[in-house]
Amino acid sequence: MPIKARALKVSEVRGLTEIGVHALGHVAGLCLRITSVKTRLFCFRYQFAHKSRLLTIGYANVMPLSHAIKEASKMRAMLYSGIDPYHVRDEAKKAAIKRNEKEQKNSTISAHSFIAVANEYIKYKKDNKGFIFDKTAESAFRGMLINHVFPYLKLEEVETIEPKQIYDVLVKIWTTKRSLSLKLCSFLKQIFDYAIAQKYMDKENPVNMRGALGTLLSPLKTQRVEQGHYPCVDYHELPNLICAINEFSAVTELGRKALLFSILTATRAKAARLIKWDQINFDNNTWTIPLENDKNKKQSAERTIYLNEQAVTLLKSITHDSDYVFHNRLYEPFTDSMFCSLLRRLNKHREDHRQQPFVDKNILNKDGKPSLITQHGVARATFKIWSKADDLGNNTKFDTDAVELCLLHTRKDPLKGAYDRSKFEKERKRVMKEWGEYCYSKMDVQNSK
């Protein structure tokens, strides 16, 4: 049973700003998870059958602390009775989906109502292998519809839905939740495109940003929270960061190696976390990222990473005890918050020992202080800046297109992309070789002492 922390007052909870998970007291396991300035979630942290879980209770900006305490108390009572709260929630979600499907069959719901067409489109995506639509994607799709769309358009005929109704749905999250609003807008457009293709409606798609919907949303453009850059470390400090990660013993060895590998390969977090041994070819030192783990979902996209000597050595130091290269104690891949947690704990450790934390001085947080670095920023942005550093001579040394391919970026020029299909294999190997040597430049000196 977890130790119950001191019960924080409402004002104290509001005063918490550091990214991470903070115990709130009141109920053992009740905590506040902060992932960004805008995202604050009440959660319940517990262990059941030797497995740790962190269940979301609700958004702290709209849910009173008292309500979160009641929900956490219910979950704690379940644990006392030998019931896993996650299982209860999962069963409730499945029951909700079944109710939706049952409602669709009900005679009072038209076959061309929004909920019916949405469910039909989800089934269409699941049944066609041409879509990248796994259980995680389906759950996210349904969750957005249930939380943001069904309360307003559930029983409406798709033929009668107008841009103003779509605006009423999107306006609630358009200025505060940029990423969510864009995804929801894309999903809604797909559903109405499907309805048009099936001849359920005979008019223009109401989710058209170049039409009436775009006109309605345009006044909100200046109020919208823009997506900022990911904080990264100055490339001059990168070798010191690599040494600090390697020496940081407060986290698991595989966690440290996963972060180091993602930096050495300049890859996104998801691809690095979910890498499997069968994706690696040690004969030619390459790693082929599968389509489902890549941001770019085009079949023809380049997904081969040329591994430098440092990355190969790191991989060969890991025991093959799971299909996944990097995994937790349950032999499952690390969660998407692992890298953030590791870097945050590393910086906290440095501050406790009166050492300078690794921050991005060019990106300030809401308190006007330099932001803590992120995995994406270090692995991607720092790599890109290093490749163009004139004080190192890299601005004239490396081919720009080769650097972009090292990051698995596609060419934006349609003509160049059509006619220039070179892979720059030799140049990419050279870039990655020098990147690995630069990352480990102080590791080699440190190991020689």
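I began with Lys-164, which forms a salt bridge with Asp-168, the closest N and O atoms being 2.8 Å apart; by salt bridge I mean a side-chain nitrogen of Lys or Arg within 4 Å of a carboxyl oxygen of Asp or Glu. The model is predicted, so I note that local features need pLDDT of at least 70 and side-chain atom pairs pLDDT 80 or more, while totals for chains, interfaces and linings use all residues. Residues are numbered from 1 along each chain as its sequence is written, and side-chain values use heavy atoms, without hydrogens and water.

Lys-164 and Asp-168 are four residues apart in helix α6 (residues 163-174), and therefore about one helical turn separates them; helices here are DSSP runs of H or I, at least four residues, numbered from the N terminus. Lys-164 is partly exposed at 42% relative accessible area, and Asp-168 is partly exposed at 29% (buried is under 20%, exposed over 50%, partly exposed in between, with a 1.4 Å probe and protein chains only).

Next I looked up Lys-257, whose salt bridge with Glu-253 has its closest N and O atoms 2.9 Å apart, both residues lying in helix α10 (residues 253-264). Lys-257 is buried at 14%, whereas Glu-253 is partly exposed at 46%.

In helix α18 (residues 425-439), Arg-430 and Glu-427 lie three residues apart, and their side chains meet in a salt bridge at 3.1 Å, N to O. Arg-430 is partly exposed at 31%, and Glu-427 is buried at 17%. Salt bridges with shared partners join Lys-397, Glu-427, Arg-430 and Glu-434 into one network. My count for the structure is 19 salt bridges.

How values were computed
Helix = DSSP H or I, 4+ residues; strand = E, 2+ residues; numbered from the N terminus.
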